[in-house]
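Hi there,

Here is the structure I promised to pass on. Have a look at it first, and my notes come after.

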Amino acid sequence: MLLFALFLCLGCSEPDRAMRANAEIGQSTEDEFEVEVDEEEVTDELMGYRTNLVPYEGEPEHAETHADAASVLIWGTADVEDLFHSIDAMDPSQSVAFEPGTTFVKEHFDEEGELFGVNIMFKGPEGYDPEYGDWVWLRVRGDEASHFGRVEFCQDCHAAAVNSDFVVGFGKSE
Ligand code: HEC
């Protein structure tokens, strides 16, 4: 709920500011987005995922992908858990879409089972990034968010799951 309220608020206040910012630094039209989110606010909110989201599995599962992790655990918005599990990224006839405010967090564990970072997808307000489903991408290692926003290398890989709104679904890649 909190995330959703945040999105509504950001959706109404950010566009003007973002447009002005873009105009000031003279970005090309290609790089202009009508909608922005507040990085600090969104990051703070997302880092509270353990109270806002539910774990989609009982315990971390072995990961073949996201090469730096020995195992991963996905957390997500409670009311789309079934939809998430229904995803078959290999099925071209499938068409799945998520609402703004939807969040998925992939916890990364090392060989010893220690949590060392998270990768997050947060569905931003409509218009944030139309080409890539308006997802906000976030990569955190330790206490530091190393990537935030329209992160190209996340988008590139997740683009394969375009039929399920860029969401791969756990283990579907194996
Ligand atoms: C090399 C390909 C690749 C890259 C790069 C990548 N991902 Fe993923 N991601 C996957 C695959 C495959 C899954 C499905 C789970 C699994 O098998 O590990 C996944 C799952 C996820 C999930 C769980 C929701 C879902 O789609 O199933 C999140 C959240 C996520 N990735 C975030 C990110 C973020 C943030 C980045 C960039 C920092 C990123 N990913 C970069 C391949 C990638």
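Below is what I found, starting with the whole chain and then turning to one residue and its surroundings.

First, two notes on reading it. This is a predicted model, in which local features need pLDDT of at least 70 and side-chain atom pairs count only at pLDDT 80 or more, while totals for chains, interfaces and linings use all residues. Residues are numbered from 1 along each chain as its sequence is written.

**The chain**

The secondary structure comes to 5 helices and 7 strands; helices (H or I, at least four residues) and strands (E, at least two) are DSSP runs, numbered from the N terminus. Along the sequence they follow the pattern α-α-α-β-β-β-α-β-β-β-β-α. Of the 174 residues in the chain, 33% are buried, that is, with 20 or more other C-beta atoms within 10 Å of their own, the C-beta atoms being placed from the backbone.

**Strand β4 and its partners**

Strand β4 covers residues 103-109, and 6 of its 7 residues are buried. On one side of the pairing list is β3, which joins β4 in the antiparallel sense over 6 bridges (two strands pair if DSSP finds at least two bridges between them). Here L73 stands opposite E107 in β4. β5 also runs antiparallel to β4, with 7 bridges joining them, and H108 stands opposite G117 in β5. The hairpin of β4 and β5 has 5 residues between the strands, and G113 takes a positive phi near 85° there.

V105 is found in β4. Why does V105 count as buried? Because 24 other C-beta atoms lie within 10 Å. Leaving aside neighbours within four places in sequence, V105 is in contact with Y49, L53, W75, V118 and I120, a contact being two C-beta atoms, placed from the backbone, within 7 Å. With neighbours within four places set aside again, I120 is in contact with L46, T103, V105 and L138. V105 and L138 are 33 residues apart in sequence and 9.2 Å apart in space, C-alpha to C-alpha.

The largest nonpolar core has 32 residues, and V105, I120, F122, W135, V136, L138 and V167 touch the most other members. Such a core is a set of buried Ala, Val, Leu, Ile, Met, Phe, Trp, Tyr and Cys residues joined through C-beta atoms within 7 Å. At least two residues of this core come from each of α2 (39-46), β3 (71-76), β4, β5 (115-123) and β6 (135-141). β6 gives the most, with 5 residues.

Happy browsing!

Conventions
Buried ≥ 20, exposed ≤ 12 C-beta atoms within 10 Å, placed from the backbone.
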